[in-house]
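The stops below go one selection at a time.

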Amino acid sequence: MAASLRLRAAASGFWYWSGRRRAAGLTEVCSRSMASKTPVGFIGLGNMGNPMAKNLMKHGYPLIIYDVFPDACKEFQEAGEQVVSSPADVAEKADRIITMLPTSDNAVEAYSGANGILKKVKKGSLLIDSSTIDPSVSKELAKEVEKMGAVFMDAPVSGGVGAARSGNLTFMVGGVEDEFAAAQELLGCMGSSVLYCGAVGTGQAAKICNNMLLAISMIGTAEAMNLGIRLGLDPKLLAKILNMSSGRCWSSDTYNPVPGVMDGVPSANNYQGGFGTTLMAKDLGLAQDSATNTKSPILLGSLAHQIYRMMCAKGYSKKDFSSVFQYLREEETF
């Protein structure tokens, strides 16, 4: 593994160091004056990756970008950022790369595929994967990256599209602790909280646990709201009561699933945007696999997985996961 404290000079005059000392604060990290900011590679410009990349731009980082869908790169190219034709080309031009991809298979392809990052990765490069994938896949990728003399860290996010746009994401980071400060420098420009979780894979573990709880609480909120409405309660009044009472949760007070209760959330826009039902089903599948491997009972987590899989099969796959409210309202078998 690369030395824990290193000073690297590049032709551009950029320098950075990484060590055990934590940065004094995320604001300080982002605003710190540097001799010159070298480009950062960014792979995956979907609902989350797009605003994350834009926040790096706002902090003065030139980008080397790639997405499997060329149209996703157009606005960045028009803004003067460099677009390349493969993950390997990103690795050839940048020694710090962030990936934000939908699935484990996508991540493996981006790193280890025929035109993957590892084909042209530079020694000493820092590779940060913010996808939500199987912790075991993160560990395997880390091993492959280490063989190439580079550093891999998993850093999945929480907060959704809104937090990605505002730069208030929470990053859960797994990897060699000595490299955390270098990762924090970049991640702190896209999030308000960057937390070190432990070895590679622990960031993914934290994210999987969080999303399992989120799915359960969203279903619970949808059920409670549906029941209250059918009992004659005004949905806005019920939401207000819940949010002043012990049933309050993120799904009720920040991301309410009932149309007309809140503005600026997917339920106010026919469940468009946000975090897709397909992705939630995928994350619950990761939780199920991890529970099986560790012999951990997740009774509600397993049921939530079944519900979101059924939703995908019944036309909800492209809707936000809060559309579980609509599904429960329409599903006669419940």
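Buried here means under 20% relative accessible area, exposed means over 50%, and partly exposed lies in between (1.4 Å probe, protein chains only). Helices (H or I, at least four residues) and strands (E, at least two) are DSSP runs, numbered from the N terminus. This is a predicted model, in which local features need pLDDT of at least 70 and side-chain atom pairs count only at pLDDT 80 or more, while totals for chains, interfaces and linings use all residues. Residues are numbered from 1 along each chain as its sequence is written, and side-chain values use heavy atoms, with hydrogens and water left out.

**Helix α5**

Select residues 104–112, which form helix α5. Which residues of α5 are buried? They are Ser104, Ala107, Ala110 and Tyr111. These residues lie on the same side of α5, because they cover an arc of only 130 degrees around the axis; the arc is that of the directions from the helix axis to the C-beta atoms. Now turn to the other side of α5, where Asp105 and Glu109 are exposed.

Next, show what covers the buried residues of α5: the cover includes α4 (87–93), β4 (96–99), β5 (126–129), α6 (135–147), β6 (151–154) and α12 (277–294).

**Strand β4 and its partners**

Select β4. Both of its faces are covered, with Arg96 and Ile98 buried on one side and Ile97 and Thr99 buried on the other. Two strands pair if DSSP finds at least two bridges between them. Strand β1 (residues 40–43) pairs with β4 in the parallel sense over three bridges, and β4 pairs with β5, also parallel, over four bridges. Pick Thr99 to see both pairings: Thr99 is the bridge partner of Ile43, and its bridge partner in β5 is Asp129.

Follow the chain through β4, α5 and β5, which make a right-handed β-α-β unit. Right-handed means that, with the strands pointing away from the viewer, the path from the first strand over the helix to the second runs clockwise.

**Helix α9**

Go to helix α9 (residues 202–230) and select Lys207. UniProt lists Lys207 for "active site" in an unreviewed entry; such annotations may be inferred rather than shown by experiment. Lys207 counts as buried because its relative accessibility is 6%. Beyond residues up to four places away in sequence, Lys207 touches Thr132, Pro156, Val157 and Met172 (contact means heavy atoms within 4.5 Å). What does the side chain of Lys207 make with the side chain of Thr132? The two side chains make a polar contact at 2.7 Å. A polar contact is a pair of N or O atoms within 3.5 Å; within protein, one must be able to donate a hydrogen and the other to accept it, and residues adjacent in sequence count only if both atoms are side-chain atoms.

Last, select Thr221, also found in α9. Thr221 is buried, at 5% relative accessibility.
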